[in-house]
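Work through the exercises below with the sequence and the model open. Each task is followed by a solution in steps.

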Amino acid sequence: MTVSNTTTETEQPPAPDDGAAERLSTAPVESEGPTGIGTFGWARWMWRQLTSMRVALILLFLLSLAAIPGSLIPQYQNGQGQLKVEAWKAQHATVAPVYEKLQLFDVYSSVWFSAIYILLFVSLAGCIVPRTWQFVGVLRSQPPAAPRNLTRMPVHAAWRTDADADRVNAAAHRLLRRRGFRAHLSGGSVAAEKGYLREVGNLLFHLSLFALLGGFAWSSLAAGTGGKLMIEGEGYSNTITQLDDFNGTRFYGSQDLDPFYLKLNGFTSKFQEKGDQIGAARQFTANVEYYAGSDESKLKKSTIEVNHPLEVGGSKVYLIGHGYAPVITVKNGKGDVVYRGAVPFLPQDGNLTSTGVVKVSDYGTGPDGNKTQLGFSGFFLPTAPLSFEGTGPVSLFPGDAAPELVLNAFAGDLGTDSGLPQNVYQLNTRKLTQLTRDGEPAKARLKPGQGWELPDGYGSVTFEGYKQWASFNVTHRPGNSIALAGGVLAILGLIGSLFIQRRRIWVRAVALPGGGTQVELAGLARSESAKIAEELAELAVDLQDDAPASEEDDAPASTKEDAPASAEEDGDGTERSAAAPDAVSDDPEAEASAPAVPADQNSKE
C-alpha cells in the first residue's frame, strides 16, 4: 500500500488553482494601503478601511463606551427625567454646565453618539453588501476543482486499487453527497464542500447588528416618554395636559399619544420583616383599570408590576416608583376648611423617609385682616422612631408600621399668583415667614387622626390618614421589537460562525499505465481541527467497498496530516522526501500495521 505524506515538489510554487481551492472565506481581500493616486486613491483606501471588520468592531466598542454616561447620569428622555436632571444639577452645580454642553443629559440623541452609530451603519452596510453578493456567487458556482497535487493538502490519503477509475469517482461522488456535501464530478475527480452555514451565520450576525442599530435609531427618532404620578383612586387620560412630563422626538409628538384611560385602584407593597434582608422589597403591585380609545364600555382590570408593564395600543406603562401621600385637612381661623387632599411625599432613602410640601393658596384673610397664604413642609415617616434625638426625623422601616407626619408652618406669599411655574414638591420661602410659638419655630409631630392648632390664630391642621401613590412611565418605542429580534439573531449567527466548520474534500482516481487505479483523497478545513481528518478517514473506509486496496496493499486507506518530512540526499546531492508519494514500504508487516486514522490523534476540535 502507498502511504502519502509529502512530495518531492515542496520547493515549487503551488499551481495557479491551488490558492483559489484553499481559500475558504468569502471576505473581501483587504488592501494594505491606497490603491490609486491622488484623491480618488485615498478615498478608496479610506472606504475600505471604514468597511473593514476591524473598524466595525472598534466602532461597536466605542458605541458601548458612549452608552455608559446614559446609564450613570440622569437623562431627559427617561421617566420623571426633567425632575431628576434638575435635582442632579442642583447637587453638582460646578460640573452641570459642562455636562450640558457635552449633551450628557441627552446622550442617546447627542451629536457625538449619533455620529458613532451612523458610522457603524455605514461600516456594516459596506461590509455586508459585497460579502453577501460574493457568498451568493459561491453558492451558485461549483466547488473548486481538485488541486494538481492533493498530497500538499493538510490531510490526505492514497492507495491503489483494481477497481475502474470512473467507478471509484462515481462512488466517491455518491458517498460525499450522502454525507451532506455539495459534490461535483468532473475531469476525473470529485470536488466537495460543506459548512456553508458558517458563512451564513457570519452574515446573519452582521445583518442582525444592522437590524439592532436600525431598531435603536428608529426608537430614537420615533419614540416618546411621559411620566404620571397617581394616588390611589385617581385616574387620567393619556393627553399632554394630564401628563406630569413628556419628552417627544422628531417623529413622535404630543399629538401622537396613544389614547387611553388609566386609573389606579390600589397599590400593594410588601417588605421583608425579619432576617438579614429586613426591609427588602418583596412585592410592588399596582391594581389598575383601563380602556383604550374613548369607549368606556371596554373597561378592563389589570395589574402592573416591576418589569411587567401594561401594554395599551402602541404604548407600554411601566411601574417605576411608589410612596405615601398623607391626607391633610387645613382650616382657617374661622373653622372653614380651606384645603383637603392627599399630598404625595417623595422618598429620600430605602426606608421611605419622605419629604413634601402643602401649599394652601386659597387660605383667604389671615388674623391681621390681610390676604395671606399658608405653606407646610415636613416629613412623612412610615415607621417613626420613639425619639428623634441623635437621628432626626427618619423612618426605621419602609412599611407603615408606625406612621407619623412632621410639619413646619409658614405664612405669607407662596408666589403661586405670579404666573411663573413652580415645583410642586418644593416650597419657596423667600416671601414666607415661619410661624413661631414661644419664640421657637412652630412644628408638630402627628399620628393619623391627630390635629395641630396653629399659632397666632391661623387655624388648624389635621392629619387624616394616608394613601399610597405610584409613578408610571408611559413609553412608545416602536424599534424595541426590531432591536430585540436583531439581538437574538446576532447570537444565533455568532454561534453558527463559531461552531460550524467550513471544509472541502477532493477525491481523484486515476488509471495507472501498468494497470490498476491510484486513488487519492485530500481534505482542507478553514481552522485547525481533527474533524476534517476524521471525515476523510471515514470516507476512505467507506470507499473500500467500491475501491478495495489491491493485494499489494495489506491495509486499508491511510490518512496523513502534514508534518516535516525527514530528507535524505541522493547520490547527486539533491534532497528527496523520505516518504514520496510513489514510495512503497519494503516491510509488508510494518505496512500492514500502519493505522488507518489521522496522524494527529491528540488534536482537538
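**Exercise 1. State what share of the protein's residues is buried, then describe its overall make-up.**

Step 1. Of the 605 residues in the protein, 42% are buried, where buried means under 20% relative accessible area, exposed over 50% and partly exposed in between (1.4 Å probe, protein chains only).

Step 2. This is a predicted model, in which local features need pLDDT of at least 70 and side-chain atom pairs count only at pLDDT 80 or more, while totals for chains, interfaces and linings use all residues. Residues are numbered from 1 along each chain as its sequence is written, and side-chain values use heavy atoms, with hydrogens and water left out.

Step 3. The protein exposes about 31500 Å², and carbon and sulfur atoms supply 54% of that area (Shrake-Rupley method, 1.4 Å probe).

Step 4. There are 12 helices and 27 strands; helices (H or I, at least four residues) and strands (E, at least two) are DSSP runs, numbered from the N terminus.

Step 5. Among contacts between residues at least 6 apart in sequence, 66% join residues at least 24 apart, a contact being heavy atoms within 4.5 Å.

**Exercise 2. Determine how strand 24 is covered and which strands pair with strand 24.**

Step 1. Strand 1 (residues 155-161) pairs with strand 24 in the antiparallel sense over 7 bridges; two strands pair if DSSP finds at least two bridges between them. Arg 160 stands opposite Gln 518.

Step 2. Strand 23 (residues 503-511) also runs antiparallel to strand 24, joined by 9 bridges. Here Arg 503 stands opposite Ala 525.

Step 3. Strand 23 and strand 24 form a hairpin with 5 residues between the strands, where Gly 515 takes a positive phi near 105°.

**Exercise 3. Give the strand order of the open sheet of 4 strands, and locate its edges.**

Step 1. The order is 5-7-8-9, with antiparallel pairing.

Step 2. Strand 5 (235-237) and strand 9 (300-305) are the edge strands, each pairing on one side only.

Step 3. Neighbouring strands of this sheet are turned by 30° against each other on average, direction ignored (axes are lines fitted to C-alpha atoms, and angles run from 0 to 180 degrees between N-to-C directions).

Step 4. Strand 7 (residues 260-271) and strand 8 (residues 281-292) share 11 bridges in the antiparallel sense. The bridge partner of Gly 266 in strand 8 is Asn 287.
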